[in-house]
Amino acid sequence: MLTVLFENESIATDLARPEFSLSIDYFSNLFSYILAGIARDSGVIRALAFVSISLVVACFFSDLCRYLSQRILVNMKTTLMKNIRRDLFAKIASLNIAYFTERRKGDILSSISNDVNEVQNSVASSFHIIFREPLLVIGFLVMLFYMSPRLTLVSLIALPISAIVITRITRHLRAGSIETQSLMGSLLSRFEEAISGSRIIKAFNAGKYVEDRFEQDNEAHRRISRQVGNRQELASPTSEFLGISIAAVVLFYGGWLNMHGRLGMSWEQFIVYIMFYWKVLEPAKAISNSYAAIRKGLVSGERIFAILDAENAIREPEHPEHISEFREAVEYRNVSFAYADEPVLKDVSIVIPKGSMTAIVGPSGAGKSTMADLLPRFRDVSSGAILVDGKDIRQYSLGDLRSLMGIVPQEPTLFNDTVFNNIAFGMEGVGLDEVRAAAVIANADEFISRLENGYDTNIGEGGSKLSGGQRQRLAIARAVLKNPPLLILDEATSSLDTESERLVQEALQKLMANRTSLVIAHRLSTIRHADEIIVLQDGAVAERGTHEQLIENKGLYAHLCSLQAFS
């Protein structure tokens with residue numbers, strides 16, 4: 001184009017068609033041959049039009065290929081992120097309860113949201129740069145060497161200097177990113193505490209206190225994020241400055257060679273050479289930027305894989321035995337359990353025959369809820385064994401074992417969904433009549449019918465639109481609908497008022513008539529008719545027997561009873 005524009009008189013019009021070969025020279029000579037023919041037959045203006053159209057066509061195909069490649073990359077990136085989120089959710093759903101008690105909820109939420117986004121914005125967005133830009137650099141360098149090996153060698157001498165400088169700039173990104181993500185987890189924990197504890201914060205006028213704690217973490221996060229961002233942004237202008245400096249050296253050296261008649265190319269070719277050199281700088285700059293982003297994003301990737309690679313203490317047996325019905329008894333045989341080095345249960349042995357109701361009572365911290373958690377293998381015993389129908393529960397399939405049980409915890413867990421879906425949770429093909437029958441037994445149908453949309457009413461986050469007693473009755477209805485042979489009631493009536501407690505207790509008595517029940521209770525009035533009452537103290541069995549026997553013994557159980565009023 002430059003030749004046609006400024007030195008069209010020098011265009012040779014008598015060129016011979018070159019012989020075919022896979023070389024740069026062949027394609028360059030072929031273009032010159034076609035251009036010469038057009039200039040000879042149609043004039044310089046047509047030659048200029050031919051060059052311009054060739055440029056437009058080349059750019060069109062270049063941009064078309066770029067767009068198609070971006071479509072592939074977008075599909076790859078979105079699929080990658082979907083798979084990461086899916087694997088994270090599946091992993092979190094499968095992890096045992098102990099994992100969540102040992103980690104802050106904010107750190108887990110930060111990994112699910114911020115870390116995944118960071119991986120998407122840095123690592124995943126840099127994949128194409130890692131694969132494409134080096135190829136572009138190699139391609140342009142080949143052209144530069146072809147045009148002038150001497151000039152290209154001079155420019156290459158400076159490239160290692162650029163790489164060393166960029167590496168030193170980005171070296172501290174990793175440590176800063178680790179601290180930033182940790183602080184983000186702390187910030188999310190502060191938000192979660194402010195939401196869940198808003199009632200207590202207002203009751204104790206602690207708004208200023210929690211705001212100050214949040215602001216400390218917020219300011220620390222801002223300071224570290226600023227340092228990391230400044231270092232990351234420094235990579236791009238530094239690489240550009242170094243590239244321009246090298247280009248200036250190339251220009252000076254090229255001019256010096258031209259003055260001494262040793263450049264070996266025309267001025268038009270030299271300008272094209274400089275343009276190719278700029279094309280080398282663009283992917284080199286992109287590589288330096290992506291390197292800084294990847295160093296930062298890999299920290300988030302490690303936090304994600306820390307969850308994905310977490311060991312699950314509760315494992316499915318290699319060759320699980322299947323169980324579909326409960327026939328004989330549940331036995332706790334010399335069971336001990338400890339959190340880290342702190343013992344909770346010590347050599348507990350009890351037998352719960354089929355169809356019986358066994359109650360666990362004792363002061364707070366005695367290990368009652370832990371006993372309930374061990375039966376469905378939310379936790380595993382430290383020593384001893386729990387047997388169902390004479391076999392260690394660790395031999396059974398987890399799904400089969402838990403399908404035998406209905407659980408009503410002390411704090412009911414409800415979901416941001418309708419009443420119907422909360423009662424029918426985890427069950428398929430359940431109709432409204434079955435759900436309503438379970439709600440009637442749990443003394444919940446009356447208040448559900450008064451709701452705006454009845455069983456289709458959304459109950460809010462954690463059942464926030466319901467009272468404590470209503471939430472507990474929904475949890476009981478869920479256990480009733482499952483109709484399991486084994487019931488675990490962890491202080492299931494603790495949130496009910498006196499009248500509701502009486503009605504639900506009557507329903508539970510009917511429900512437990514033909515089932516094996518493990519009942520944990522603070523209100524001793526609810527377990528007076530238990531077949532056996534186990535009294536725990538400091539993790540060990542202090543007393544056992546029926547209500548009347550334990551009252552006659554005048555031990556710990558009698559003392560606990562004396563502190564409560566019986567109707």
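Predicted model: local features only at pLDDT ≥ 70, side-chain atom pairs only at ≥ 80, totals over all residues.
**Salt bridges**

- In general, side chains of opposite charge can pair when their charged atoms come close, and the structure holds 15 salt bridges.
- Asp-212 takes part in one of these salt bridges, with Lys-208 as its partner, and the closest N and O atoms of the two are 3.0 Å apart.
- Both Asp-212 and Lys-208 belong to helix α10, which covers residues 207-259, and they sit four residues apart, which is about one turn of the helix.
- Arg-436 and Asp-445 form another salt bridge, in which the closest N and O atoms are 3.6 Å apart.
- Here Arg-436, at 31% relative accessibility, counts as partly exposed, while Asp-445, at 18%, counts as buried, because buried means under 20%.

**Strand β9 and its partners**

- Strand β9 spans residues 532-537, and five of its six residues are buried, so the strand is largely enclosed by the rest of the structure.
- Strand β3, made of residues 357-361, pairs with β9 in the parallel sense over four bridges, and Ala-359 has Ile-533 in β9 as its bridge partner.
- Strand β10, made of residues 540-545, runs antiparallel to β9 and is joined to it by five bridges, with Leu-536 standing opposite Val-541 in β10.
- β9 and β10 form a hairpin with two residues between them, and Asp-538 in the turn has a positive phi of about 55°.

**Aromatic pairs**

- The structure holds nine aromatic pairs, and one of them is the edge-to-face pair of Phe-60 and Phe-61, with 5.4 Å from centre to centre and 75° between the planes.
- Phe-61 counts as partly exposed, at 47% relative accessibility.
- Phe-270 and Tyr-273 form a stacked pair, with 6.5 Å from centre to centre and 5° between the planes.
- Because Phe-270 and Tyr-273 are three residues apart in helix α11, which covers residues 267-308, they are separated by about one helical turn, and both of these residues are buried.
- Ring pairs also link Phe-20, Tyr-26 and Phe-27 into a cluster.

**A nonpolar surface patch**

- Ile-53, Val-57, Phe-60, Phe-61, Leu-64, Tyr-67 and Leu-68 make a nonpolar surface patch of about 690 Å².
- Leu-64, one of the patch residues, lies in helix α3, which covers residues 44-94, and is partly exposed, with a relative accessible area of 33%.
- Phe-60 and Phe-61 both belong to this patch, and they are also the two partners of the edge-to-face aromatic pair described above.

Notes:
Residues numbered from 1 in each chain as written. Heavy atoms only, no water. Patch = residues over 30% accessible without salt bridge, like charges linked within 9 Å, V, L, I, M, F, W, Y side chains within 5 Å. Areas by Shrake-Rupley, 256 points an atom, 1.4 Å probe, with all protein chains shown as cover. Salt bridge = Lys/Arg side-chain N within 4 Å of Asp/Glu carboxyl O. Buried < 20%, exposed > 50% of the residue type's maximum accessible area, 1.4 Å probe, protein only. Pairing = 2+ DSSP bridges. Phe/Tyr/Trp six-rings, centres within 6.5 Å; stacked < 30°, edge-to-face > 60°.
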